[in-house]
Amino acid sequence: MATIVLLDDNIRVKVSDGTTLRKVALKTGASMEFGCRVGDCSTCVAYVESGMEYLNEKSEKEHKVLQMLGEDTRELRLMCQCEVNASEGEVLISYRLA
Amino acid sequence: MIGAITALSDSVFFTGVFDPKIRTFDIIMKTANGSSYNSYLVRGSEGVAIMDTVKKEFSEPFFQRVELLCDYEEIKYIVLHHLEPDHSGALVELMGRAPHAKLIISGRAVMMLKGIIKEDIPFEVANTGKTISLGDKTIEFLSTPFLHWPDTMSSYLHEEKILFSGDVFGSHYYDERLFDDEVGDFSYAFKYYYDHIMRPFKQYVLQALKLYRKFDIDIIAPLHGPILRTNPKYYLDKYAQWSSEEKFRKNEFGKKMFSVFYISSYDNTHEMAVKITEGADDIDGVIASMYDLSSLDENTMIDLLEESDAVVIGSPTINGDAVKPAWDLLSCMAFLENGGKVGATFGSYGWTGEAAGMLHDRMRGLKFRLPTEPLKVKLIPTEEDLESCTGFGREVAEIMMGKMVEMEI
Ligand SMILES: Cc1cc2nc3c(=O)[nH]c(=O)nc-3n(C[C@H](O)[C@H](O)[C@H](O)COP(=O)(O)O)c2cc1C
Ligand code: FES
């Protein structure tokens, strides 16, 4: 199983391949924010501090929405568009405004 | 009749409109003294920029003002600091009249533009650092999101030291004299606007202030109410103070606030509340307190919620629902920033017991962190029930204090 660490809420959760981050939020009760849930509004933007390689690839649309935020987008993801794509590894995520 | 044109400087003019009759704004705000939809025209050696438009019904006086100041052919840029309809209402018409105008919006506005303006219009995106030139005038953009729409930006006119702040520093206050040193006392409207519009976004306010303070500002030109030119720093400092009050208290006491809000008819939910509070208060660094919802007014609710790091709500189930004061409490969250507060719910019930679960779901919708399932007790709590209440209080408090939670799903 892969491990997701939600740094802002001090939650470490083991999940199986294919688990969506929406589900992780729901099951852990984490304070991750969602808005539209379809990748339009960027409310759910988060920093993946490490372990990006254990998540699914960004779609064209996610790239586009992230670019509009005008920041370096390499470590950013929209949580509503993410799922775990690995059966091991650790992903560190933070979503609270610095 | 539009009256004389007001000039902010040799090259910046007011093109906004007045709405003295409005009494309720955006459904949620009272505007006892009416309001204004401010717009500004900036003239440079190589063209004109229009900073925001107005509410659609007020297009006519807006266009009259613009026409007194320039030819439509001269308009090089139209800047929308955010897309809210009270400032974008005349945009399509203006784009139609100004053949060479380029629309400037923020990155976050791109996905919203189609929802506001039902046709394709060309635009250019501005994020922090982008500048546009009108020859001898340079406008620099600052990304100041969520104040109060996600797409909000601000801009700064270098040569005149004017900050176009969007809705930030606005007031719903109608007075055609316009400048802060000439209008009546609008301080109540300035504070009311902050409380209702900006308070939920304090962290974003603080970030925006950091950007603003990099500039030498002579005039703040907001989108509603008086133009602030007497001592702009005073207004920046007010926003800074209001946005950091809560942090100040937290930093001074160095403790976390655990608030138990309850309501109870036969004392059952109350007894649970007492034990939850005791349990939480046992944990180092926690100040746990109880509040009876039946005697809190809305302003007190808002202040208490804002201070609380954990919000724990107890209600009995009455006719298949939680009782109204509990919902009223949660509806106050609309005025606040959540910022990852911990939440939990509990309550005594008779036969169906929906209340705690319904409150829990609502809190999830409000983006609380909810580490526990709702705690329910059938009718009068037993000794054992009361022990689990103490444990519940401890657990939620420990998590509020940062205990690592490990799980598998
Ligand atoms: C003060 C204020 C706050 C708003 N907050 C939100 C919000 O949090 N999420 C959202 O999707 N829309 C938000 N909106 C946008 C409104 O939902 C949108 O303008 C809607 O079309 C208004 O519908 P109505 O014409 O029926 O009033 C907000 C609008 C205002 C004026
Ligand atoms: S929730 Fe809107 S982009 Fe993810």
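Predicted model: local features only at pLDDT ≥ 70, side-chain atom pairs only at ≥ 80, totals over all residues.

Strand 1 and strand 6 (residues 40-44) of chain B run antiparallel and are joined by three bridges.

Both strands sit in an open sheet of six strands in chain B, ordered 1-6-7-8-9-10, with mixed pairing. Strand 1 (12-14) and strand 10 (123-126) of chain B are the edge strands, and each pairs on one side only. From one strand to the next, the twist averages 25°.

## The parallel sheet of chain B

Chain B also has an open sheet of five strands. Here the order is 17-16-18-19-20 and the pairing is parallel. The edges are strand 17 (286-292) and strand 20 (375-378) of chain B, each with pairing on one side only. Neighbouring strands are turned against each other by 15° on average, direction ignored.

Within this sheet, strand 18 (residues 310-314) and strand 19 (residues 342-349) of chain B run parallel, joined by five bridges. Ile313(B) has Thr345(B) as its bridge partner in strand 19 of chain B. Helix 8 (residues 268-281) of chain B packs on the sheet. This helix touches strand 16 (256-262), strand 17, strand 18, strand 19 and strand 20 of chain B. The direction of helix 8 makes about 165° with that of strand 17 of chain B.

## Where chain A meets chain B

How many residues does each chain give to the contact? Chain A gives 29 residues and chain B gives 24 residues. The area buried between chain A and chain B is about 2300 Å². Carbon and sulfur atoms give 59% of that area.

Strand pairing crosses the chains. Strand 2 of chain A and strand 21 (residues 405-408) of chain B pair in the parallel sense, over four bridges. Ile11(A) stands opposite Val405(B) in strand 21 of chain B. One salt bridge is found across the interface of chain A and chain B. Its partners are Glu406(B) and Arg12(A), with the closest N and O atoms 4.0 Å apart. Nine residue pairs are in polar contact between chain A and chain B, both residues at pLDDT 80 or more. On the side of chain A that touches chain B, strand 2 (11-15) and helix 1 (21-28) of chain A are the elements that give two or more residues. By class, that side of chain A has 13 nonpolar, eight polar and eight charged residues.

## Salt bridges

Over all chains, a search of the whole structure finds 26 salt bridges. One of them joins the side chains of Asp40(A) and Lys61(A), at 3.1 Å from N to O. Asp40(A) lies in the loop between helix 1 and strand 3 (45-50) of chain A, and Lys61(A) lies in helix 2 (residues 60-67) of chain A, so the pair ties together parts that are 21 residues apart in sequence.

Most residues other than glycine have a negative phi, and most peptide bonds are trans. Which loop holds Phe146(B)? Phe146(B) is found in the loop between strand 12 and strand 13 of chain B. Phi of Phe146(B) is positive, near 70°, in a residue other than glycine.

The peptide bond from Leu147(B) to His148(B) is cis, with omega near 0°. His148(B) lies in the loop between strand 12 (138-143) and strand 13 (153-157) of chain B.

Technical notes: Residues numbered from 1 in each chain as written. Chains lettered and ligands numbered in written order. Heavy atoms only, no water. Pairing = 2+ DSSP bridges. Axes fitted to C-alpha atoms, helices over the stretch in contact; angles between N-to-C directions. Contact = heavy atoms within 4.5 Å. Buried area = accessible area lost by both parts, 1.4 Å probe. Polar contact = N/O pair within 3.5 Å; in protein donor to acceptor, adjacent residues only side chain to side chain. Nonpolar A, V, L, I, M, F, W, Y, C, P; charged D, E, K, R; others polar.
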